[in-house]
Amino acid sequence: MKFELVDRQGYIPDLIYGASGQELSCFIPSDYPFQQVSYNNGEGEAIIDKHTWHFFFTQEGIGIKLMDGIVTLKEAEHFLLAVKSHIWGETHQQVQIFMAGATPK
């Protein structure tokens, strides 16, 4: 399952990466304990609540992909809304959440 958080005006705040081994804390809200699995050049994977999530930049915003594990759409929405608030703030209303994927050929 892959999602994108996209600001209607293309705004992505400057992210402040965490210390070594915790760089992805710029994507992950503080009330979600995580174990960082990988990090390279602004993107990487983290285990959050026994699920592996990949965080990365897309052309238009932030990409978040569930790499391992199963979550309900409601659980994913709750997590994505928390990430959105963490990155853009509570009052920023211009960010939309999309399910993303390639069109089958």
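Strands, here, are DSSP runs of E with at least two residues, and helices are DSSP runs of H or I with at least four, numbered from the N terminus. Two strands pair if DSSP finds at least two bridges between them. The model is predicted: local features need pLDDT of at least 70, side-chain atom pairs count only at pLDDT 80 or more, and totals for chains, interfaces and linings use all residues. Residues are numbered from 1 along each chain as its sequence is written, and side-chain values use heavy atoms, with hydrogens and water left out.

**View 1. The S2-S3 hairpin.** S2 and S3 form a hairpin with two residues between them. In the turn, Asn41 has a positive phi of about 55°. The pairing of S2 with strand S3 (residues 43-48) is antiparallel and runs over six bridges. Phe34 faces Ile48 in S3. Gln36 stands opposite Ala46, also in S3.

**View 2. The S3-S4 hairpin and its turn.** S3 and S4 also form a hairpin, with two residues between them. Five bridges join S3 and S4 in the antiparallel sense. Gly44 stands opposite Phe55 in S4. Lys50 is not a glycine either, and has a positive phi of about 65°. Most residues other than glycine have a negative phi. Asp49 lies in the loop between S3 and S4, and Lys50 is in that loop too. Asp49 is exposed, with a relative accessible area of 62%. Lys50 is exposed at 76%. (Exposed means over 50% relative accessible area, buried under 20%, partly exposed in between; 1.4 Å probe, protein chains only.)

View 3. Six strands make an open sheet, ordered S2-S3-S4-S5-S1-S6, with antiparallel pairing. Strand S2 (34-40) and strand S6 (95-100) stand at the edges; each has a single partner strand, so one side of each is left without a neighbour in the sheet. From one strand to the next, the twist averages 20°. H1 packs on the sheet, touching strand S1 (2-7), S3, S4, strand S5 (61-68) and S6. The direction of H1 makes about 35° with that of S1. (Axes are lines fitted to C-alpha atoms, for helices over the stretch in contact; angles run from 0 to 180 degrees between N-to-C directions. Contact means heavy atoms within 4.5 Å.)

View 4. Thr52 lies in strand S4. Is Thr52 buried or exposed? Thr52 is buried, with a relative accessible area of 11%. Leaving aside neighbours within four places in sequence, Thr52 is in contact with Glu45, Ala46, Ile47, Lys65, Leu66, Met67 and Asp68.

**View 5. The largest pocket.** The largest pocket has a volume of about 150 Å³. Tyr32, Ile48, Asp49, His51, Trp53, Val71, Glu75, Ala76 and Phe79 line it. Strand S4 (51-57) and helix H1 (73-88) are the elements that give two or more residues to this lining. H1 gives the most, with three residues. The lining divides into six nonpolar, one polar and two charged residues. (A pocket is an open set of points on a 1 Å grid over the protein atoms alone, where a 1.4 Å probe fits, with protein on both sides within 12 Å along at least five of seven lines; lining residues have an atom within 4 Å of a point. Grid points are joined across faces, edges and corners, and the volume is the space filled by probe spheres set on the points. Ala, Val, Leu, Ile, Met, Phe, Trp, Tyr, Cys and Pro count as nonpolar, Asp, Glu, Lys and Arg as charged, and the others, Gly among them, as polar.)
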